[in-house]
Amino acid sequence: MAKDVVLQEKKQYQEIGCDLRRKIQAGDYPVGSRLPPERNIAEIYGVSRTIVREALLMLELEGTVDIRQGSGVYVLRMPNDDEAADGGKNRIGAFEMLQARQLLESNIAAFAARMATRADIENLRKTLEQEQAAIAEKDYRGDYDRLFHLQIAGATQNQMLLETVSNIWACRDDNALWQQLYTHVGTQGYRLKWLADHQAILAALRRRDVSGAYQAMWEHLENVKNTLMEISDADAPEFDGYLFDSVPIFQGKLV
């Protein structure tokens with residue numbers, strides 16, 4: 001199907017979010033009505049469902065729509081002119097942020113496999129023990145996920161890489177779109193899943209397996225991406241148009 005609008009200047013999800021907002025203001029989708037399914041919106045604009053999901057999250061964040069898993073996206077209220085003028089500018093998409101993490105942290109893990117000291121490996125092991133205990137006790141106070149990733153960056157012995165990863169996580173915490181998306185994900189089951197991923201990464205680091213560490217980190221963040229994508233439309237028979245490929249784009253040999 002041909003594109004409904006020409007997407008320029010702003011990021012695609014912002015353009016689509018603004019256009020959907022204009023249609024709501026114009027009465028195309030009255031308060032209380034349901035928007036078309038994500039896959040239909042994606043076809044109208046000629047973009048991936050990942051981009052549509054971020055556009056809808058932008059509208060949900062401002063309170064214009066409500067995303068109800070398994071039911072659809074409903075219009076809650078008429079957006080005001082200030083929101084239309086803002087257009088969600090200066091917001092980094094949640095999947096865009098995750099893509100950056102995957103590209104950077106996979107290579108950082110590979111480098112850490114070569115540079116990590118025994119003390120680094122021991123600290124990582126202790127962090128995973130603490131993470132496992134916290135999950136068993138349903139204790140959500142400690143951010144062991146962040147600590148684990150920062151420790152891997154620190155194990156490169158490169159302060160710039162550590163600060164880069166630290167800044168990415170700070171950006172994630174301050175990103176309203178990411179936080180809005182994350183509220184739709186459960187906790188206990190996913191924490192166990194991430195713990196298993198972390199254990200695979202640590203195993204590769206302990207073996208000083210550079211390629212294995214790269215792959216384990218890539219697959220971990222791929223799992224995170226797929227989990228967040230699943231909540232977009234869990235009942236759909238297919239998912240298409242991911243923001244980035246589901247296989248590592250680095251095909252060379254890491255030594």
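The chain contains 11 helices and two strands, where helices (H or I, at least four residues) and strands (E, at least two) are DSSP runs numbered from the N terminus. The model is predicted, so local features require pLDDT of at least 70 and side-chain atom pairs are counted only at pLDDT 80 or more, whereas totals for chains, interfaces and linings use all residues. Residues are numbered from 1 along each chain as its sequence is written, and side-chain values use heavy atoms, with hydrogens and water left out.

Along the sequence, the elements are arranged as α-α-α-β-β-α-α-α-α-α-α-α-α. Of the 255 residues in the chain, 45% are buried (buried, under 20% relative accessible area; exposed, over 50%; partly exposed, in between; 1.4 Å probe, protein chains only). Among contacts (heavy atoms within 4.5 Å) with a separation of 6 or more, 75% are between residues 24 or more positions apart.

Tyr29 is located in the loop between helix H1 (12-25) and helix H2 (38-45). Tyr29 counts as buried because its relative accessibility is 16%. Beyond its neighbours within four places in sequence, Tyr29 contacts Leu20, Lys23, Ile24, Leu35, Pro36 and Val75. The C-alpha atoms of Tyr29 and Tyr74 are 9.0 Å apart, at a sequence distance of 45 residues. Gly27 also lies in the loop between H1 and H2, but is partly exposed, with a relative accessible area of 38%. From Gly27 to Met78, 51 residues away in sequence, the C-alpha distance is 9.0 Å.

Residues 114-141 are listed by UniProt, in an unreviewed entry, as "coiled-coil region"; UniProt positions follow the numbering used here, feature names are shortened, and annotations may be inferred rather than shown by experiment. In the model, residues 114-141 are 75% helix and 0% strand, with the end C-alpha atoms 32 Å apart.

Asp145 is found in helix H7 (residues 144-154). Asp145 is buried but has no salt bridge (a side-chain nitrogen of Lys or Arg within 4 Å of a carboxyl oxygen of Asp or Glu). The nearest side chain of opposite charge is that of Arg172, 4.5 Å away; Lys and Arg count as positive and Asp and Glu as negative, while His and the chain ends are not counted. The side chains of Asp145 and His198 form a polar contact of 3.1 Å (a pair of N or O atoms within 3.5 Å; within protein, one must be able to donate a hydrogen and the other to accept it, and residues adjacent in sequence count only if both atoms are side-chain atoms). Apart from neighbours within four places in sequence, Asp145 is in contact with Trp169, Arg172, His198 and His220.
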